[in-house]
Amino acid sequence: MEQLFYGGAMVGMLPHDAQDMSLLREIPDNQEVFAHAKTDQSIIIEIMEYVQEPDEVALRIHFEELAESNDASGCEKSCIQAAGVLDLSQISLKECKSVYWLTGQQLVSKFKESALNNVNIHMVLFRLPTFMSDILVTFNDPINVNPESSSHHPMSTETVPWTMENFWTLINSLTLLDSGLFGEDRSS
């Protein structure tokens, strides 16, 4: 389904059963957060300050910051499995200079519980140096939820979880409609 983000400044195709979490709780202004209505999957779109590092390093920094905020720092709780670059001709966000992706895993707990859940983390980093911004899109896809976790619940056989195809549809469709989202052009 087509969804406007940031007050109509961006648009993209969200997967089915996406619930806007800002209707349920406070979300920072730089984020758009959507959760699957019946699974523990989520998609987060974040406008971040441009990381003044090479693209691959910038993406690794964002992954490590997520691991730290998830209390999943360290190689026993967090690992990058694959990473690469996307061809700019495949995406709709024409204002970006480059696009990098990674897939990793993190062992995370919800609400600081002791029960750890194994979550696939899929990240795509859009680099927008003209606006001194990065756009980070993260797909959190739990693959093993600990029975002791508050997130553990039986899933109906009718539940259709999000797929990587759903995630790539969002990535490829994400479009900037109003560059005023970033304030003034700060590159000069």
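**Rings and cores**

Mentor: Ring pairs link F139, W162, F167 and W168 into a cluster. Please keep in mind that this is a predicted model.

Trainee: How many aromatic pairs does the structure hold?
Mentor: The structure holds five aromatic pairs. In one of them, the ring centres of F5 and F34 are 5.8 Å apart and the planes stand at 70°, so this pair is edge-to-face.

Trainee: Which strands do F5 and F34 lie in?
Mentor: F5 belongs to strand β1 (residues 2-5) and F34 to strand β4 (residues 31-36), so the pair ties together parts that are 29 residues apart in sequence.

Trainee: Is F5 buried or exposed?
Mentor: F5 counts as buried because its relative accessibility is 1%, and buried means under 20%. F34 also has 1% relative accessibility, so F34 counts as buried.

Trainee: And how are F131 and F182 arranged?
Mentor: They form a stacked aromatic pair, with 4.7 Å centre to centre and 20° between the planes. F131 is in the loop between β8 and β9, while F182 is in the segment after β10 (175-176), so the pair ties together parts that are 51 residues apart in sequence. Both F131 and F182 are buried.

Trainee: Changing topic, how many residues has the largest nonpolar core?
Mentor: That core has 29 residues, and those with the most contacts inside it are F5, F126, I135, V137 and L174. A second, separate core has 16 residues, including V108, V119, L125 and L136.

Trainee: Lastly, what lies over the face of Y50?
Mentor: R127 does, at 4.1 Å from the ring centre.

Conventions:
Residues are numbered from 1 along each chain as its sequence is written. This is a predicted model: local features need pLDDT of at least 70, side-chain atom pairs count only at pLDDT 80 or more; totals for chains, interfaces and linings use all residues. Side-chain values use heavy atoms; hydrogens and water are left out. A nonpolar core is a set of buried Ala, Val, Leu, Ile, Met, Phe, Trp, Tyr and Cys residues joined through side-chain atoms within 4.5 Å. Buried means under 20% relative accessible area, exposed over 50%, partly exposed in between (1.4 Å probe, protein chains only). Rings of Phe, Tyr and Trp (its six-membered ring) pair if their centres lie within 6.5 Å; planes under 30 degrees apart count as stacked, over 60 as edge-to-face and the rest as tilted. Helices (H or I, at least four residues) and strands (E, at least two) are DSSP runs, numbered from the N terminus. A charge sits over a ring if NZ of Lys or CZ of Arg is within 6 Å of the ring centre and within 35 degrees of the ring normal.
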